[in-house]
Every structure is written in C-alpha cells, then in structure tokens.
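Have the chains and the model open side by side.

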There are 2 protein chains.
Amino acid sequence: MSDPKQKLMELLSPVVSGLERMRGVLASELHEPSPVVQDMIDHVGRFQGKQLRGGMVLLMGEATGNSTDEHPTIAAIVEMIHMATLVHDDILDGAEVRRRVACLNQRWNNQVAVLLGDYLYSRAFALSTHLSSRLTSRLLAETTRTICVGEIEQSALRYDFDLTQESYERIAGAKTGSLYAAACELGARYPGGNEVLGGQMRKFGYEIGLAFQIVDDCLDLAGDAKVVGKSVGTDVEDGKVTLPVLHVYSSSNEAGRAAIRDVFTLPDLEERTLKLRDVCDLDTGIERSMDYAQELVERARARLLSLPASPAVDALHVLGDFVLKRKW
Amino acid sequence: MSDPKQKLMELLSPVVSGLERMRGVLASELHEPSPVVQDMIDHVGRFQGKQLRGGMVLLMGEATGNSTDEHPTIAAIVEMIHMATLVHDDILDGAEVRRRVACLNQRWNNQVAVLLGDYLYSRAFALSTHLSSRLTSRLLAETTRTICVGEIEQSALRYDFDLTQESYERIAGAKTGSLYAAACELGARYPGGNEVLGGQMRKFGYEIGLAFQIVDDCLDLAGDAKVVGKSVGTDVEDGKVTLPVLHVYSSSNEAGRAAIRDVFTLPDLEERTLKLRDVCDLDTGIERSMDYAQELVERARARLLSLPASPAVDALHVLGDFVLKRKW
C-alpha cells in the first residue's frame, strides 16, 4: 500500500472538487484585518491535518445523494470547530509538538491560544448562521457542548483506575465521536428532514470517530512521534487512563495493578510511558483495543449497506481501514 | 445616594419581571447531567455580577416598544457569553480574585477553565439557534469574534507606550463596547428589521460600554479591591497600557516617560502599581479619563432623545450615571 497521505488523497478523490471549495472557504473566512490576529491564524492554518471530518461531510453528501451547494461550507465549519478544539487542547495537555508545527501556546502564550480558539469557534458559528438552514448551527453548537463535557469529564477522571470501559467510551465518544457523528449527519440530511437516514449515518460517524480515538490512544502509547506528527506519551504523562491501559489493568493481579498505578505517579513525566511498558503487558492491551476498534468499524460499515453503490460509498468503506491502519 | 447595588436594582425595576425570567432561563440552561460539570457550572453561577448587559437587552426592548416574549432568553444568552469571557479572562490575566469568589482556574486548573468557557459559549449559541429569528445567533457570533480580536490585540500591545488613544479605544470598544452594543441592538430590533433604530441604539450601547471599560481601567489603578470585588492593579502587572496611563505618559517629559516605562518592567509585579503612583501624576490621568467617559455617556444619552418618554428610557438615562459613579 502506498504511503498513508497518498492513500487518504485517493480515498477523498470522489469529493476532490468539494474539498477544493472547502479550502477556499477556509482561506477566505480565516482572514482578519488585524495583522497580529492574521499572523496567528496563518500559524494555525499550517496545522491543516487530515481534514477527515470535512471530507466526511462531503463524502456523506455524495453517498446519500444529498449534496448541496452548501456542503463545502459546512465542511469548512466542521474543520474550523476541529481546529478550535486542537488549539484549546494544546493548552490542556501540554503537548509539545502538534503535527510538527510548534504549538501556538509555545510560540505565543496560553492567553493568546485561548483567544484564538475562541476566535475560531465564533467564526465557525458566525459562518453557520449564514447558511440557508439552521440545522448546522443547532447541531454544531450542541456538538461543541458535548465535546466540552467529554473533555471536562476526562480531566476530572485522570488517575482514576476504577474507570469502566463504558465510561471510557462515553468520554471518547463525546470528545471525538460526536464531531464525526455531526459531520456525517449533516452530510446526509442537511438542510433538514430525513431524520432516519441522518440518524443512521450519525451512528456511522460516531463509531468511526470512536474507533479513531481508540487508535489515537494506542498510537500515544506505541507510536513514533516522528511518524504520528505530534508528541506521544502525553496521555500517561497527563494521567489519562485510556482503553489499552484499562484492559491491561483489569486483567492484572493486585501487585500488577499497584505497579501500574505507581508508574502513573512517577515524578519524571517522561519516564512514565517508558516504564509502563516494563511493568505490564502493554501490547496485549493495545491489541485488544485495536480489535475493538476493528469491531466498531465493522459495525459502522454495516450501516452503509442501505446506500446505493457509488464511489463515495466505497470511499466511506475504505475510510474504516484508513482509520485502523493509520500511523499518524 | 443609597448603596450602589440598591441603586442598580432600582434602575432595573422597569424590567424586574423580565430579569426574573432571564434568571430562570439561566438556571434551567446551565444544567448538566455530569456531576463534575454541574459542580463547575454552579461555581461560575456564583460569579453572577451586575447582569447589566442582560438588563440592557430588556430595558432597550421596553424603551423602544419592541419587547418580545423572547427578550429574556436573549438577555440570558448575552449574560452567558459575558460569563464565558470572564472565565477565559481569568486565565488571561491571572487575576486572583473575581467578585470575591475564588477564580475557576485557582480552584480547578487552566484546562478546566478553558473548557468551561467553551461550554458556556456553546450553550449560549445552542440556545440562540432555538429562537424564532436568527438575528441573535448572527449578531452574537460576530460580537464574540470582535471580542476575541480586541483581546488578542490588547495582549499583543502590552508594554507598548506608543499606543494611540485611537488604538486604545478600538481595543476597549472591541472587547467591551461590542457586547453592550449587541445587547442594545438586539433589545431594540429583535426579531429583525428596524435597522435605523437598531443602529442608533447599538451606538448607545457601544458608548456606554466604552465608558464602562474606561471606568474599569480607572478602578484598576485607583480602586479598592474589597469594594471593586476583584483584584486591582492587574493591568499594570500585565503590562496593559490603559487610558489613564496613556494620558499621563503623553503629557510627561522624556525623563518622566522613562520612569513610567521602568515601573512597568519591575520584576515584583505587585510593586508596579504601587510605584506607578510615585513616578507620575496618576490622578490627573484618571481625571482626564473619567472626563472622557462622562463625555461618552452624554453622547450616548443624546441618542435616547428620539424615544418616547417611559420609565425604561429614564432608566437607560440613569444607567450612564451608574456606570460613571460605580465603585465596583
């Protein structure tokens, strides 16, 4: 298989013109007369990323025969919200490198990173209020709330090894699944109506997003920072008990559990992730988590069966593999 | 004159039932099943504050004969956005006490304060998407953007003594005037139409808000933390060159200017505000600034002349005095 970025480009080829338009909207929206603000926006623009969420709005529009002229704008709004969460996330977990570009809060400061995230949110909402239907504003304001609740709960449950898989899923679903879910629902049913199909595609997005988060959590434990393109090991440093750790913890005896807990409180943060591998069978935990991510992707794919065959449906199918096999 | 809180209550008496409804909306909206999130919301709820911005939506509705059943909800949305800016502001300037309640980021941490601010913004936007007209969503999303740009510019221009009064006004207007302006415009013309009257009342709000910010900047230099109810002296500590300092700086000779600049870079932050008084005639700067705030209030009041006499118009008139004479 060719390199993953090439793969992603192929995957998004059914919506290549929509993506171009989405990027055009982003470029024209993220424009500010204030030079200092523009400078920061440009910096954030370089985060770019996979634009997978925006891509899913467009693919879902094509796959359901629901594409409208406004879909590229909706895709841009979804990407702007995602960028805002990334900017605020960099304050949260002290990640040192995000996609090989120095984080905003390292180059400027926390103050400005908070404000720029707020700026991106407000731009996204403002843009959504000019669409012909209010569905995007409604759905994405609710989604942003859900993301915040998920992130707050995750923060509150740091170092909590009594976390159940159910709670992990609820939180990962809220902080990551919900935006994928909204992207797919909007793609499938904007400007309105079609609740049944929308609900089905929403579930597709949710499961793909949850799988994406699980893979992310595995990469944070086992990935190579150079390939992943952002700091790894930050979850353990921050005391976040993710699914692979939960698995290995729940299958350990009391001594094993105590050893894991001890590693999570080592004063040298960087040592935590390194030592974790020594005190438990992390690979088995990762394997079980990846199996579950695979199961979620299969479940999601089954939801596509009701759609008529098309290149976009094929792409959504392949997207599951991409999510599972990505190393970045 | 009775105590200022009493005075404010009297002032808002023409809209007392609307305010009750506004508080009811706030109470029912700021409710979350997650106990940890609810705990934080409750904490923020205690910030309360003057609810002047929400009050202005209601007073303006009454004064222009434009009150609708939705005005209390709009007032609540404006207050939620204001609360979000306060929560994020506490990250920004490291203020230690806000309205005698420990700041969120002192009781929890910066992470959570960022997320809770985001939560408040998203709740506000979500609520606005359920109003019958989209005007509130549009205006407040644009206003939030303006606030962010103002705050970012302020942050970028710290320690900049070449700041012109024009730039100071542009920034203070963006970060404070804009939300007052939006509150008044919405009060006067929601659900739509009436651009001329709306524009006029928008200017009223802008001028009152700018005056409010100027008074705030004076209180930060001269106020008593116990009365003001939040930390004072933080502007000088943070390197913010506010109008009173600009005035005294521009009327100083080169030696005087150098002394002021030196004070702004003293390593002991708390010493900065104390020493500032020693090296320059701060009171004259404050006096000139207060004169200008008075002028702005007069200008704003003149805009009310087109409205028919009513208790609400009287209250908007008196509000100018309140803004000027408030010590908190």
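On one side of helix H16 of chain B, four residues are exposed: B:Asp291, B:Glu295, B:Glu298 and B:Ala302. The model is a predicted one. The opposite side of H16(B) reads differently. Buried there are B:Leu282, B:Gly285, B:Ile286 and B:Ser289, along with B:Ala293, B:Leu296, B:Val297 and B:Ala300.

H16(B) runs over residues 282-302, which makes 21 residues. From first C-alpha to last it reaches 31 Å, close to the 30 Å expected at 1.5 Å a residue. What does the buried side pack against? Its partners are four helices of chain B: H10 (195-222), H13 (243-250), H15 (269-279) and H17 (311-325).

B:Ala293, B:Leu296 and B:Val297 are among the buried residues of H16(B). B:Ala211 has a place in the largest nonpolar core, which has 196 residues. Those with the most contacts inside that core are A:Leu116, A:Ala211, B:Leu116 and B:Ala211.

H2(A) spans residues 16-29 and has 14 residues. Its first and last C-alpha atoms are 20 Å apart, close to the 20 Å expected at 1.5 Å a residue. Which of its residues are buried? They are A:Gly18, A:Leu19, A:Met22, A:Val25 and A:Leu26. Their arc around the axis is only 115°, so they sit on the same side of H2(A). The face turned away from that buried side carries the exposed residues A:Val16, A:Ser17, A:Glu20, A:Ala27 and A:Ser28.

Next, the two chains together. A rotation of 180°, with 0.0 Å of shift along its axis, superposes chain A on chain B at an RMSD of 0.0 Å. That is the relation of a two-fold axis. The contact between the chains takes 35 residues from chain A and 35 residues from chain B. On the chain A side, the elements giving two or more residues are helices H3 (35-45), H5 (71-92), H7 (110-128) and H8 (135-156). By class, that side has 17 nonpolar, nine polar and nine charged residues. The copies meet through the same surface, because 100% of the interface residues of chain A are also interface residues in chain B.

B:Gln111 is found in helix H7 of chain B. Is B:Gln111 buried or exposed? It counts as buried, because it has 22 C-beta neighbours inside 10 Å. B:Gln111 and B:Leu131 are 20 residues apart along the chain, and their C-alpha atoms are separated by 31 Å.

B:Lys7 lies in helix H1 (residues 4-11) of chain B. With 16 other C-beta atoms within 10 Å, B:Lys7 is partly exposed. B:Lys7 and B:Leu282 are 275 residues apart in sequence and 29 Å apart in space, C-alpha to C-alpha. B:Leu282 is one of the buried residues of H16(B).

A:Ser250 belongs to helix H13 (residues 243-250) of chain A. A:Ser250 is partly exposed, with 13 other C-beta atoms within 10 Å. Along the chain, A:Ser250 and A:Pro14 are 236 residues apart, and 43 Å separates their C-alpha atoms.

Definitions and conventions: Residues numbered from 1 in each chain as written. Chains lettered and ligands numbered in written order. Predicted model: local features only at pLDDT ≥ 70, side-chain atom pairs only at ≥ 80, totals over all residues. Core = buried A, V, L, I, M, F, W, Y, C linked by C-beta atoms within 7 Å. Buried ≥ 20, exposed ≤ 12 C-beta atoms within 10 Å, placed from the backbone. Contact = placed C-beta atoms within 7 Å. Nonpolar A, V, L, I, M, F, W, Y, C, P; charged D, E, K, R; others polar. Expected span 1.5 Å × (residues − 1). Arc of directions from axis to C-beta. Least-squares fit on C-alpha atoms with pLDDT ≥ 70 in both.
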